[in-house]
Amino acid sequence: MPSRTLSLNAIRTLRPQPRNCFQCLRVTRQLHLSPRWQTDGVFKELTEMRVRTPWIEALRKKEEEGIDPTQRSNTPATPSDRDLAPKRMSDSYHRVVIPLAQDPWLLDNYLNANGQIRLGTIFMDLDALSGVIAYNHTGESVTTVTAAVDRITINHPLKEICDLELSGQVTFATGRSSMEISIQVAKAPERGASIQNEDVLMTCAFTMVSLDPNTKKPVAICPVKVETDEEKRLFAAGEKNYNIKKARAKTGLRKQTPNDEESDLIHAMWLRQLDYHDPNNPLRKPPHTHYMSITTLSSSQIMQPQYRNRHNFMIFGGYLLKTSFELAFCCAAAFSHSRPTFLSLDPSTFENPVPVGSVLYLKATVAYTESAVDGASDAHQSAGVENGEKRTEGIGTRVQIRIDSKVRDIEHGSTKPTGQFNYTFLVDRDISVMPQTYEEFMVWVDARRRAERVRGSIDAGRVGGVDEGMKGKDDGRRVTE
């Protein structure tokens with residue numbers, strides 16, 4: 001029986017000859033292997049800095065040496081005599097221009113079905129860039145991982161397809177193991193021009209931690225040397241953020257019970273649920289209120305090597321941001337039956353690494369809702385309805401989605417939490433969520449605290465909004481999901 005396998009030359013012979021150069025380019029692209037940046041949605045320059053070794057080579061080396069690089073050892077790999085002299089902020093500065101307006105094939109990796117920019121893909125680039133910046137500061141002798149995303153906010157919605165400039169630097173480091181990296185995404189300026197405030201699409205801050213490659217324990221890094229007034233301002237902001245995070249860790253719900261106001265709200269909601277189910281009480285649950293338990297969405301997937309970090313056997317944080325964001329978007333859409341507008345990624349943490357080949361489980365929950373105008377919470381809004389007040393229509397609702405993640409090995413023998421991600425969306429509907437169990441009440445209280453912390457910046461106009469295709473209120477078509 002004749003072979004069904006055709007050689008590459010035979011395929012070229014059978015293919016009709018192109019009639020012009022444009023067709024020739026398209027034929028060449030169809031036959032060529034996919035470029036590296038097409039494998040994981042991250043811009044080529046950032047992928048090349050993150051992935052240094054082909055997966056098959058890394059796998060063979062692991063098998064030949066008989067050492068699992070994901071496990072800890074007792075022998076430190078970081079030199080004890082390395083130079084830890086202070087470094088300038090500018091030493092870690094890195095800038096990348098993504099030519100979306102110039103390369104339609106590259107743009108393919110950044111577009112959704114409606115032709116808008118996928119924020120999840122930008123989040124992958126942001127994490128990849130933070131890694132590049134971190135290694136500019138620490139050098140290659142340490143392992144640097146993403147510990148937290150302190151905040152990602154939209155400053156100005158993107159209204160056109162354009163080249164994007166991603167830039168950032170280390171803005172806070174005291175010589176311990178952690179550093180804060182500040183990054184912005186802006187419309188790439190013309191040659192010789194500078195970025196204007198209205199051109200800044202997004203700002204964010206990442207906390208990175210340096211570890212010994214073998215022991216996986218934190219190691220000291222170079223402190224930042226502050227020279228200019230602007231650098232002093234950035235360093236002071238990073239120091240303030242660091243102190244706030246330490247203070248919050250001491251006052252979290254695992255350390256302290258809900259305060260008096262929170263306890264009163266919990267009790268009021270519990271009493272209200274009793275009224276809803278009392279056959280002698282005419283009060284019933286309003287149609288715009290939904291129990292938290294029915295808002296959840298879950299996903300699971302095997303972690304593939306295309307999304308590994310530069311150390312080859314762990315998934316890089318940007319992929320977790322992308323997958324968690326897209327699940328949060330779906331959760332907000334399913335909850336509100338509308339197209340959500342992304343406002344911010346609120347402080348989120350990475351707890352344990354995610355190995356290549358493991359199974360990642362994500363669970364999205366509507367944790368908290370509040371009025372988009374006056375910030376009134378679920379409890380206050382519902383109380384107003386109960387007391388006969390007319391609910392304000394058409395004002396919209398801010399919806400906070402909590403993503404809990406965990407990882408299991410493929411045999412499902414062990415389970416570890418990998419992080420919690422908190423996204424805030426705006427929906428063009430009046431809708432609220434109500435907890436029922438004690439665990440759900442604690443999720444609600446935690447989310448309420450987070451919303452109170454970020455509400456000021458949103459109301460002050462420092463956070464804009466982007467959506468996935470709907471017309472903005474400024475009558476400009478936004479091209480970011």
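1. Start with the face of helix α8 turned away from its buried side: this face carries D260 and D264, both exposed (over 50% relative accessible area; buried is under 20% and partly exposed in between, with a 1.4 Å probe and protein chains only). Helices here are DSSP runs of H or I with at least four residues, strands are runs of E with at least two, and both are numbered from the N terminus.

2. A quick word on the source: this is a predicted model, where local features need pLDDT of at least 70, side-chain atom pairs count only at pLDDT 80 or more, and totals for chains, interfaces and linings use all residues. Residues are numbered from 1 along each chain as its sequence is written, and side-chain values use heavy atoms, with hydrogens and water left out.

3. Now the other side of α8. Its buried residues are E262, L265, I266, M269, R272, Q273 and Y276. They sit on the same side of α8 because they cover an arc of only 125° around the axis, taken from the directions from the helix axis to the C-beta atoms. An α-helix has 3.6 residues a turn, so residues three or four places apart point the same way.

4. At the N-terminal end of α8 you'll find N259 as the cap, with a side-chain oxygen 3.2 Å from the backbone nitrogen of E261.

5. Two loop residues are worth a look. Most residues other than glycine have a negative phi. K216, in the loop between β6 (200–211) and β7 (224–225), has a positive phi near 65°, and K216 is partly exposed at 22% relative accessible area. H337, in the loop between α9 (317–336) and β10 (341–350), has a positive phi near 55°; H337 counts as exposed, at 69% relative accessibility.

Note on methods. Polar contact = N/O pair within 3.5 Å; in protein donor to acceptor, adjacent residues only side chain to side chain.
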